[in-house]
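Welcome! Take a look at the sequence and the 3D structure below, and then we will walk through some of their features together.

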Amino acid sequence: MSRPSNLDVMLAGGGAAFIVDLIIYPLDTLKTRQQSRDFLKTFADPHTKTKLPSRHLFQGLYQGIGIVILATLPAAGTFFTTYEAVKSFLGRHGTPLGLPQPLVHSGASAIAECASCLVLTPSEVIKQNAQMLQRSGSGREGRSASLEALKQLTRGGSGAGRKLLSGYTALVARNLPFTAIQFPIFENLRGRMWRRRGAGSEGGGAGQTEAETRGLLETGVVTGTSAGLAGSFAAVVTTPMDVVKTRLMLAAGSDRDVKQGAHDRMPTPQAQGARKYNARGGLAVAREVVAERGVSGLFRGAVLRAVWTAVGSGLYLGTYEVAKVWLGRRKGVRSEDGSFL
């Protein structure tokens, strides 16, 4: 029988991403605020000498969730569909050449990330600027944070497209090594766990494969655990690129409503008093972070990132695999191998 259809893959991937985004989004907001340049100035309690976070740090933790919901299905669907297609292609043509499986998984995930980031970058820029909005007492509580962030990004008209795509290279520079590290480790851990559990070793009946004898709960636990462990390790390693990406994306927003990262923006006066957005390179931003806080500044938010990535990756890939298997079984589709996709 054939493998699950692209529609099944998109539904499984998009559904898993949507569920996980809702659960871990507050941690992502806290991480974004912690990585911004003026974290202490904006969120430290002025009444304490220990610079403890004020209550404002924990307000509006779901700001920007609207654009994430809209972008989840196309971004996740693009990634998983591309990943499956490339992995299948490399598997068919690379195996006869002796191409190692970890290299197949890394190559497939890298290409899938590049495609997914094109869809994800505009929503990521809007989301991160929305997460920084200081709305308390401003009369904006009933408005959409995503729409407010979009308005300030497109204010002035010129350069709006560049702003919405700002940080694409930094996003790719973060996600490529992340997936290249995570997926081979994930596939290896997952295979080891299945072998240790001896799933399907007794046989499930005539014509049944090992994958068809596994329960959905067992599939979710094994996949989620291995994905969470691999994801948390990859998250810590790639935190410097995440810090640079956050700074670049916050720099695209106006400093009128976003108090964070005001020094990251480089306005130049225009003939009519408007402001022109000048993008900077990721290397320049990285040097700036090191100059401000040392090398440790590049790992700001690493713990939060590791925690939410462990939870997110575990739920995301675990839910995805369970949904894919369930959809496939409803249609009588048999998985032809034990790999992730």
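A quick definition before we start: Ala, Val, Leu, Ile, Met, Phe, Trp, Tyr, Cys and Pro count as nonpolar, Asp, Glu, Lys and Arg as charged, and the others, Gly among them, as polar. Please keep in mind that this is a predicted model. The mean pLDDT of the protein chain is 77, and 74% of its residues reach 70 or more.

**Cavities**

- The model holds three cavities of 30 Å³ or more, and the largest cavity has a volume of about 860 Å³.
- This largest cavity is lined by 33 residues, of which Asp21, Leu120, Arg174, Trp308 and Tyr316 are the closest to its centre.
- Its lining is made up of 16 nonpolar, nine polar and eight charged residues.
- At least two lining residues come from each of helix H1 (6-35), helix H3 (65-94), helix H4 (101-131), helix H7 (168-197) and helix H12 (302-330).

**A bent helix**

- H4 bends by about 45° at Leu120, with the proline Pro122 following within four residues.
- The end C-alpha atoms of this 31-residue helix, H4, are only 39 Å apart, while a straight helix would reach 45 Å at 1.5 Å a residue.

- Over residues 199-208, pLDDT stays under 50, and the model has nine contacts beyond four places in sequence for them.
- Residues 254-275 also stay under 50 in pLDDT, with 56 such contacts beyond four places in sequence.
- Where pLDDT is low, the predicted coordinates should not be read in detail.

Conventions:
Residues numbered from 1 in each chain as written. Predicted model: local features only at pLDDT ≥ 70, side-chain atom pairs only at ≥ 80, totals over all residues. Heavy atoms only, no water. 1 Å grid on protein atoms, 1.4 Å probe; cavity = no way out; pocket = protein on both sides within 12 Å on 5 of 7 lines; lining within 4 Å. Points joined across faces, edges and corners; volume = space filled by probe spheres on them. pLDDT = per-residue confidence, 0-100. Contact = heavy atoms within 4.5 Å. Expected span 1.5 Å × (residues − 1). Bend = angle between axes of the 7 residues up to and from the residue.
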